Amino acid sequence: MPELPEVETTRRSLEPLVVGRTIESVEVRCANLRRPLDEDFAARLAGRRLLATARRAKYLIFELDAPESLIVHLGMSGRLIHRPPPVVEPLKHDHVLVALDDDSLMVFHDPRRFGLVALVDTDDCDLLRGIGPEPFDRDLFHGAYLAALGRKTVRTIKDVLMDQRVVAGLGNIYVNEVLFACGIRPRRRLARMTRAECDGVVAQSRVILADAIEHRGSSVSDFLDGVGRRGGYQWKHQVYDREGQPCPRCATPIKAVVIAQRSSFYCPKCQR
Ligand SMILES: [Zn+2]
């Protein structure tokens with residue numbers, strides 16, 4: 001599933017190609033996504049100019065010359081792809097085609113259809129309401145914030161970091177990598193972490209996410225950016241999806257355990 005670095009990579013790859021363009025027409029080939037598209041979606045989007053791109057948590061936001069913005073969530077397998085002219089026949093799983101005024105297309109493609117495309121008022125939208133701070137927001141996401149949360153929850157640090165209401169954009173790949181960098185086991189309770197460990201988790205989250213963005217995300221489960229390029233951060237994973245392989249620090253085989261239906265990967269020697 002695309003996480004913050006993959007969504008940000010998609011945004012950065014599309015921004016120079018779509019900002020300033022006007023949407024000529026929209027074709028909805030399948031409206032039955034995670035949330036069904038409004039019947040007038042195509043009519044409301046056509047004719048609008050794309051003013052800017054943004055990201056909030058794992059949502060891509062396209063600001064329009066309209067009160068509403070186009071919002072896209074990639075779900076499990078979604079991609080937002082820019083296709084330059086000449087226009088080719090739509091592919092299987094191309095669900096929404098946005099034709100731009102330079103004859104290019106921006107296509108929402110999603111085999112598993114857990115993704116979402118919608119026109120919303122971003123200041124008053126149930127999808128964005130209640131999402132926690134961005135990991136790079138130093139005013140809101142800090143060690144004291146995590147430590148305070150630890151005083152009122154029995155949840156594990158893995159569970160807490162995966163929760164979009166606590167911090168936005170982290171998912172299974174990057175939580176595993178952050179906890180390895182910090183020497184903390186995924187099943188440790190947040191309440192059992194010291195303040196210094198909370199500070200470390202916050203600091204490593206920023207370091208690892210920034211590095212992953214720099215490497216244009218992780219291409220696991222076939223992630224490609226908006227122009228079809230693979231990411232490079234999968235080659236830097238220390239523990240994620242490396243069960244049985246040697247820990248990069250101590251050579252102990254990496255362990256995998258399933259927590260809340262998601263696999264956690266850790267080094268039993270380096271992580272406590
Ligand atoms: Zn180790």
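Ala42 touches Val26 and Val28, not counting residues up to four places away in sequence; contact means heavy atoms within 4.5 Å. Ala42 is found in helix H2 (residues 41-45). Between the C-alpha atoms of Ala42 and Leu97, which are 55 residues apart along the chain, the separation is 9.6 Å.

This is a predicted model, in which local features need pLDDT of at least 70 and side-chain atom pairs count only at pLDDT 80 or more, while totals for chains, interfaces and linings use all residues. Residues are numbered from 1 along each chain as its sequence is written, and side-chain values use heavy atoms, with hydrogens and water left out.

**Overall dimensions**

The protein has 6 helices and 10 strands. Helices (H or I, at least four residues) and strands (E, at least two) are DSSP runs, numbered from the N terminus. The C-alpha trace spans about 55 × 35 × 30 Å along the principal axes of the protein. Of the 272 residues, 50% are buried (under 20% relative accessible area, with exposed over 50% and partly exposed in between; 1.4 Å probe, protein chains only). Among contacts between residues at least 6 apart in sequence, 64% join residues at least 24 apart.

**Helix packing**

Two helices, H1 and H5, are described here by their packing against H6. Axes are lines fitted to C-alpha atoms, for helices over the stretch in contact, and angles run from 0 to 180 degrees between N-to-C directions.

| Helix pair | Angle | Axis separation |
|---|---|---|
| H5 (residues 172-182) and H6 (residues 195-214) | about 125° | 9 Å |
| H1 (residues 4-18) and H6 | about 40° | 9 Å |

The angle of about 125° makes H5 oblique to H6, and the angle of about 40° makes H1 oblique to H6. Angles under 35 degrees count as roughly parallel, over 145 as roughly antiparallel, 65 to 115 as roughly perpendicular and the rest as oblique. The crossing of H5 and H6 is right-handed, and H1 also passes H6 in a right-handed crossing. A crossing is right-handed if the near helix is turned clockwise from the far one by less than a right angle, and left-handed if anticlockwise.

On the H5 side, Tyr174, Glu177, Val178, Leu179, Ala181 and Cys182 meet Gly200, Val201, Gln204, Ser205, Ile208, Leu209 and Ala212 in H6. The residues of this contact divide into 9 nonpolar, 3 polar and 1 charged. Ala, Val, Leu, Ile, Met, Phe, Trp, Tyr, Cys and Pro count as nonpolar, Asp, Glu, Lys and Arg as charged, and the others, Gly among them, as polar.

On the H1 side, Leu4, Pro5, Glu8, Thr9 and Arg12 meet Leu209, Ala212 and Ile213 in H6. Here the division is 5 nonpolar, 1 polar and 2 charged. Leu209 and Ala212 are listed in the contact with H5 and in the contact with H1.

**Backbone exceptions**

Most residues other than glycine have a negative phi, and most peptide bonds are trans. Ala57, in the loop between strand E2 (50-56) and strand E3 (59-64), has a positive phi of about 55°. Ala57 is buried, with a relative accessible area of 2%.

His93 has a positive phi of about 75° and is partly exposed, with a relative accessible area of 28%. The loop between E5 and E6 holds His93. Pro86 is found in the loop between strand E5 (79-83) and strand E6 (94-100), and the peptide bond from Pro85 to Pro86 is cis, with omega near 5°.
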